[in-house]
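Please walk me through this structure, starting with how its parts are held against each other.

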2 protein chains.
Amino acid sequence: MSDYVVAVDVGGTSMKGGIVTRSGEVAATGRRPTGREGGPAAVVATIRSFVGDLAARGEEILGAGPAAVGIAVPGLVDDATATALYSANLGWRDVPAADFVPLDVPALLGHDVRTGGLAESVLGAGREISDFLFLPIGTGIAGAMIIGGEPYGGTSGWGGEIGHIPVLPGGEACACGQIGCLETYASASAVGRRYSARAASPATAEQVAALTAAGDPVAAEVWDEAVEALSLALATYTLLLDPSAIVLGGGLAEAGSLLSDPLAKRLAERLAFRAAPPLRRAVLGVDAGMLGASLLGWRAAGFPHAGASWSPDVPKTPTVS
Amino acid sequence: MSDYVVAVDVGGTSMKGGIVTRSGEVAATGRRPTGREGGPAAVVATIRSFVGDLAARGEEILGAGPAAVGIAVPGLVDDATATALYSANLGWRDVPAADFVPLDVPALLGHDVRTGGLAESVLGAGREISDFLFLPIGTGIAGAMIIGGEPYGGTSGWGGEIGHIPVLPGGEACACGQIGCLETYASASAVGRRYSARAASPATAEQVAALTAAGDPVAAEVWDEAVEALSLALATYTLLLDPSAIVLGGGLAEAGSLLSDPLAKRLAERLAFRAAPPLRRAVLGVDAGMLGASLLGWRAAGFPHAGASWSPDVPKTPTVS
């Protein structure tokens, strides 16, 4: 039995891979563009060759092929059949896990955000709790609802779309075609875009955060509106799902207490008859998806409890590109 | 082994009891006031004596004492310890299941709405699906989230409070102390209250529905606002939980297509990138809680799969009062 799995986290423009041992050591990592400009078939081929290269690197370092492969992908995933059903971003439809794997080993696919949530649950900020929301706030906003220790994707895999709940129903149009979605106020791109429009000067969310901290009134207004929209979404999530905690991740959470302090205050104010759950920072950062994919790999290899004894620290390791 | 359980559904002002056999026959039913004006200890004693009287009636009809007891109660319930933790309405705190039962038989407690949802799941509108929302719309609004075939109450039993999510955050104050809650627009009492305030003439929700159907403009406006608030809450639920269906119950659902037609239309309009789940009518009506309590009773007796072969029809049966 090989003592490692190949794990790949596929994003819109690039993907991150890792070779992860049964004790949780990340023996190598790598990054590669998805090449989505080449179309869906080329993306599948690129992932397949990345998996093959990671396996070759594993054989070189560890003396054997991988025990299994775990892959996190965006879009819609059918966990039961391990099929990547659909991705708006990458254009594919109905790709079975085997198409991503040029080796005769078991493989599991997972939804990207839910796979990150699985990693935070087993290895990260949710390690000792079983019911929480993992909310990465980046270019977009989607959540992983962890219920009974496992990510829950709903009936058809479309669950967790907290970025598109109508927090301000008479508000701004979202790119998705709906009105007043959380994402259109509070994603990192929305914060940058909304500031740039008002200040007539382009800025990233990180810059808006810095300007807010420095007292810039336009930045503070945009930041406040993002916090307000987030507080409404989190009040709704709390009243419905009654989580133990809310784990904030992604680019916007890098702002630390500039985000979490007013958000915790606003959330508590929105709730009259129950306490607010604590807000926590995600701990795995951009590695959450790859580490979650490694947990899927170990599940595919027949070790469903892999991760329980791992250290959540991700060591600095050699890179395969 | 006795072949029946005693089931009691405790409401704010009255409670409903039943004697339910292992094959799902309702051999007797009864109703009794909770007597909440006497204080929490008196309510517990009243429930206890109702359970005793139902057991005596069972012995009379079926020749033996009950196998177990199942009780649905309002407020906060700890499933793990079978304790009624708190009810604002009935005033109790930390009442163990055994205090409700004057017999030496196993007993289980459940939250009232979730126990009704369990009944709709096993016997009713959700019989062949495993993930849905049971939404009884009555004096108040709370939901039972059915996940993987079982009601999910969240980390601390406070889940499902869809009646208090902020659907219109700049809107009206709710009696709960929050702003813009679904319940303040769309419960049966809210519909009656809001019409009465505008028309300066008192009316129940049932009367407002009739007036709306007859073309009364004030009633139609109030009704439309209730539908709008519901469509926002159900869009949010759908985007987060991705249910197979939404099962509408309670007094307001009695309006049938006057509610469900515009609600289905408005819900579909709120969703841009995914389909709306179908709306269904609950089928167990006011018996849902008692039937769910009987399923809890059979679980307490060691038959966790009771109900799978039952007929969902509730026969007309003799009454214990």
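A salt bridge is a side-chain nitrogen of Lys or Arg within 4 Å of a carboxyl oxygen of Asp or Glu. The structure is a predicted model, in which local features need pLDDT of at least 70 and side-chain atom pairs count only at pLDDT 80 or more, while totals for chains, interfaces and linings use all residues. Residues are numbered from 1 along each chain as its sequence is written, chains are lettered from A and ligands numbered from 1 in the order in which they are written, and side-chain values use heavy atoms, with hydrogens and water left out.

Begin with chain A as a whole. Chain A contains nine helices and 14 strands; helices (H or I, at least four residues) and strands (E, at least two) are DSSP runs, numbered from the N terminus. Its C-alpha trace spans about 60 × 40 × 35 Å along the principal axes. A compact globule of 321 residues would have a radius of gyration near 20 Å, and chain A agrees because its value is 20 Å. This radius is taken over C-alpha atoms, and the globule rule is 2.2 Å times the number of residues to the power 0.38.

Chain A is split into domain 1 (4–117 + 284–320) and domain 2 (130–281), with bounds that come from an automatic or database domain assignment. The C-alpha centres of the two domains of chain A are 28 Å apart. Six residues of domain 1 of chain A and 15 residues of domain 2 of chain A take part in the contact, where contact means heavy atoms within 4.5 Å. The two domains of chain A bury about 870 Å² between them, 66% of it on carbon and sulfur atoms. Buried area is the accessible area (1.4 Å probe) that two parts lose on being put together, summed over both. On the side of domain 1, A:Leu76, A:Val113 and A:Arg114 lose the most area to domain 2 of chain A, together 62% of what that side buries.

How many salt bridges are counted between domain 1 of chain A and domain 2 of chain A? The count is one. A salt bridge also joins the side chains of A:Glu150 and A:Arg299, at 2.7 Å from N to O. Helix α2 (residues 112–123) of chain A supplies the largest share of the domain 1 side that touches domain 2, with four residues.

Now turn to the two chains. Chain A and chain B each bring 38 residues to their contact. About 3200 Å² is buried between chain A and chain B, and carbon and sulfur atoms give 64% of that area. In chain A, the residues A:Leu240, A:Asp242 and A:Phe273 lose the most area to chain B, together 21% of what that side buries. The count of salt bridges between chain A and chain B is zero. On the side of chain A that touches chain B, α6(A) gives the most, with six residues.

Finally, consider salt bridges overall. The count over all chains comes to 30. One salt bridge is formed by the side chains of A:Asp287 and A:Lys16, at 2.3 Å from N to O. A:Asp287 lies in the loop between β13 (279–281) and α9 (288–300) of chain A and A:Lys16 in strand β2 (residues 14–21) of chain A, so this pair ties together parts that are 271 residues apart in sequence.
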